[in-house]
Amino acid sequence: MNTPTPAKPRTLLEIRDFSLSFRQSTQLAVDHVSLKMAAGRTLGLVGASGAGKSSIARAILRLVKPDAGEILFRGEDIYRMSAPDLKATRQRIQMVFQDPSVSLSPRRTVEQTLLEPLQHFAIGDTDEQQGRIREILRTVGLDDSTLHRYPNQFSSGQQQRIAIARALVTEPDLLIADEAVASLDVSIQAQILQLIQTLQTDFGISILFISHDLAVIRQIADDVAVMYQGQLLEQSTADKFFSEPAHPYSKTLLSFAKGNTPGRWSGDKWHLLRGQKSLGKRAKCVYAGFCGDKLDVCEEREPALHDIQFKNQHAAAPHCVKCHLYDGVKNDDH
Amino acid sequence: MNVPYLTRRLLYGIPLVLGVTFISFLLMVYFGPDKTYELIGKNPTAEQIKEVRHALGYDRPFLLRYGEYLRELVTLDLGISDSNGERVSSILIRTLPVSIALVVPGFILGNLLGLGLGLLAAWYRGRWLDKLVMSASVVGMSISFLVIIIGLQILLCTPYGLNLFPVRGWQVHDIGSYLYYVAVPTLALVLVTLGYNTRFYRAVMVDEIERDHIRTLKAYGASPVELLFKHVLKNSLIPVLTRIMFSVPFVLISGSLLLESYFGIPGVGLVTFNAITSGDQPILKAVVGLTGVLFVVALTVNDMLYGVVDPRVTKWASKS
Amino acid sequence: MTRDTWQKLKSDRFGMSGLVVVMIFAMIAVLVWSGLLGQGWSEVTGNRFEGASAEHLFGTNLLGQDILQRTLSGTATAFEVGLLVTICSTLLGTLLGGLAGWYAHSWVDELILWLKGVLDSIPFYLFAAAVAFALQGSPWAMHLAMIVTFWTTTARIIRGEVMRIKEREFIEAARAIGLPGLKTVFRHVLPNTFHILLVQGTIVFVAAINTEVILSFLGLGIKDGVSWGLMLAESSQEVLAGHFGNFLAAGVSLFLLLMGFNLLADALQDALDTRRLLT
Amino acid sequence: MSIPALKVTNLSVWFEKDSERLKVVDQISFSIEAGDATGLVGESGCGKTMTAMAILGLLSKPGIKVCSDGIEVNGRNISTLTTAGRRSVLGRDIAMIFQQPATALDPVFTIGQQIGAVYRRHGGGDKQQTRKSMLEALESVGFRDARDIAASYPHELSGGMRQLTMIAMATVCKPAVIIADEPTTALDNSTRALILERLKHLQKLHRTAILFISHDLAVVRHICRDVLVMYCGRLIESTDCQNLFSHARHPYSAGLLSCIPQISGERPPAIKSIPGQLPPLTDLPVGCHFAPRCNRVEAQCRTSVPALDYENGRGAACFRPL
């Protein structure tokens, strides 16, 4: 669902050369990633589990200590903000998690859960707060009777709606959804995706939608960014990505999603592709170990993130790819 | 067995031993009974007090006295008992075997029975056998150790009951007399620990039986015997081992304390009992120190056995 | 939430009978504290070892004191010891266990685990004896010794639970809006450990009463008052001579109260089955 | 008509808690021919795993009742066997693959020991023969280094590799039927495609009948010929995959299909969803359980239960099928 593109597409969030290592280890969970998010659009962040998607989400919420780089929200770096600015920023960025059964505090009523952010950010007086939480419940399709019950009295679909309501109650500019529908059944997943789509059109809210499921991303995202072992390999618009994926890994991801298999027949023996084993010495390009179009340079030099302009491309949503195949390409000759 | 894992477990034990000995030193020696007045008698002069205190070493710096206490423990030169002037180490050497002979049968029986009943109750959980075992163990847990001892004594050792066994004493010179004297204390020890053991082993077994891999085994036709004795037992060996290793020091000291003091059996327990009631400090000091060390040894041996039983442990050696 | 746990508890016959027994003993304790019952336990009102009679329902002991009065007053002592030790040790266990769990694998955690390890490895009765010496036989030595060592099991369980809760997404959500640590702990962590404290409390209560009996036998227990432990200690000599009054009165009362608490603890454990509340 | 590899007739499972009876599986009947793969599809709580466990007789907990008019493997009714009799069938004639590879294997025994035990338990032969067939089973699922895998412990393998060892265990005695309960749900895309490939390959090799349980219709389409759709414990549609995806006859199946997001070059239409909520087991609606959420509901839908009637091989339990 493409929202009417605003006149001047502001960049809401920009991640510049951001690196973050796993707890108590030097291995990088996020490996100098650069990423831009336009206001009012939904960016789908895809990749296998362990690619660093959730780490980026927690980095934006400043829940981690980064190794390098900066994250600019409305032009200001989150990691260098003063306490009051940080508090104001945290009001504008909210998150929804994967497993609804554990994202709500079990011993507190829905009313207490919804009121907590309002009280914490001191938004409006008690009457206004009561009105706001009732209105937000209606927006996510629940009625007032929900308020006085406990999370374990709801189905997983309703629990996720309550979690979304809690994220929306402070009217954030950016909503981060970390695998928000991954653990839901198909029919409930569809209801939640419908809800998110109405939020996009009615609220014009920017969403960072993290998922390993390309079909869900196709349904919900305006732009797509692909992560692999902590690195950003490609970012482009959804239409472009699903019709002409640039990076070899993007092509493999799409073929897996369509059910093709990573094995090869030789005689009657069926050879299993080895698991995620990298090429012995740390190949410069992180995907070299599996890339069908690998060049020699891929093992010597790490590819740069090439910016590739397309003819009718949306200004705020760049199209770039981190691959030596595009070293020579300056403009769109596809 | 990779050595770094073992050494780390041993190092982990050092602060524990230091902690135990420090606290026992603090309570037993530093704040312990002050013997100067016993030695001096009526209205002594300031000068005499100072001189006696110096002789007893009370005026030396705190850490030095603690160091002194540690040296005693390490070299097993534990000083002389106040009550009968015998060397503490020789008392312990004489009485420890008696305590071990007293406690071991009850300890083994209590755990084996507990394991068996726990296994039965776990396999038939929810059915009548499980309910029977559980309610019996609740009754077992609700009877205090002292009540069991006195009750058994009435039943088995007095004319009001069967009067088959001795009320007190320990004239053991051969197997016959050993069984004769150890029967009632062992029965008491088993009865008091059986309830707790059964419930603990049942909980461990139920936890193991409900694991996914047991369901897989059932789905591939494994018989209950193979399931229980090969898979469930081996997987629950760790919690079982931990419990046995950790209860060794306690049953040896606290268990024997009551049994020996009540049945008049000359083991470490009786010595400790008399030391408590009469305030014989060197003995208390020694027993606490030794139990602490025994506990740490049990802790380390237990961690080492982890490695043997569970292949996952030695690789990651997670710090529990 | 608590309404359906109460329903579940009511449906458990054993649990209910346990609760009733505990209530009866609690009533007796309250009556004794308020001076309506069991006051004359120390007066010599009969001669030695009288059998059960209208005047002395349970007969009299060595000194001619009425055993019934002593048993009733013993009930109050049992609750005194039980409640004091349970409340203090559970609070201490929750505080230290919570701290160790919240700051898992930090020096705070290591320190508390070390302290727990040390206290666990000192044989309790010797520790109680040492504390009694250090406090020159004050009547509270026993209680202090129990409190200082009984908190360790509660702390271990609470530490594990807090570490599990800490990883839950609803805690991450609280941190994401910048909720201060303390508020998060008291609003989102501790309420989820309440059910454990209830069960652990009943277990510690039983342990406290059992320990008092043995400490009294060792002469380290109740000093200025009567307790079932003292009565049992007395009975150990009288029993051989065929006087079972003290033994039966104290033994049966102790058994009934412990049985009541154990049944209640089991019923609470099932009713508050954590698997159901917090998968 | 050859004897079906697996034939289930009127299988029901219910919980009995004091007076209440909660029906979890309601009169399920179906059959699978040798060499065929049938999908059992439905959302969580519809009773598909319960059906599988009931077929294998693994629901022997107090309070759970199972009854059927026969569960036949290669024509032999296993539901009436004694427990010892059934134990000889489980793993030899009918095997099961579970969803969570992380916990499905015993952590303190090696892979070789566990697969060998299944072979030996079913009278496989002496030590050498057991080891040989165990290694063969591991090679047949694609492990070139079978000996290393056999010597390793479950925690040393990745999720995907562990699931492959489960498939090796399932096929070591070459059973007539394999029930796979969501074998790929806990795995990511690349490993998922790999496991499905292995199952299809082994199915053709040994002409094994596969009952493939899943909540993911796309996965079922990839591996199964026929498909059964379950809702609230009842079979509401039984057809082949082509027909289900092109022309589902039951409103719930159609609704389920429209909910699945598609990967397409151009921008997909707005997503559709099924209105309402899955009814709780404690108060299932009378008559057709889907009635409250169905846009084709009639009076009789709320009173009587539609039977699963077939029309040229395609069955739907609905009074007004699409």
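Before you select anything, two strands count as paired if DSSP finds at least two bridges between them. The strands and helices themselves are DSSP runs numbered from the N terminus: strands (E) have at least two residues, helices (H or I) at least four. This is a predicted model, in which local features need pLDDT of at least 70 and side-chain atom pairs count only at pLDDT 80 or more, while totals for chains, interfaces and linings use all residues. Residues are numbered from 1 along each chain as its sequence is written, and chains are lettered from A, with ligands numbered from 1, in the order in which they are written.

Click Met95(A) and you'll find Ile176(A) opposite, in strand 7.

Now widen the view. Eight strands of chain A make an open, mixed sheet, in the order 6-7-8-3-9-10-14-13.

Stop two: show chains B and C. Which pair of chains has the most contacts? Of the four pairs that touch, it's B and C. Contact here means that two residues have C-beta atoms, placed from the backbone, within 7 Å. On chain B, 44 residues are in contact with 35 of chain C. Helix 1 of chain B gives the largest share of chain B's side, eight residues.

Last stop: chains A and B. No contact joins them, and their closest C-alpha atoms lie 14 Å apart.
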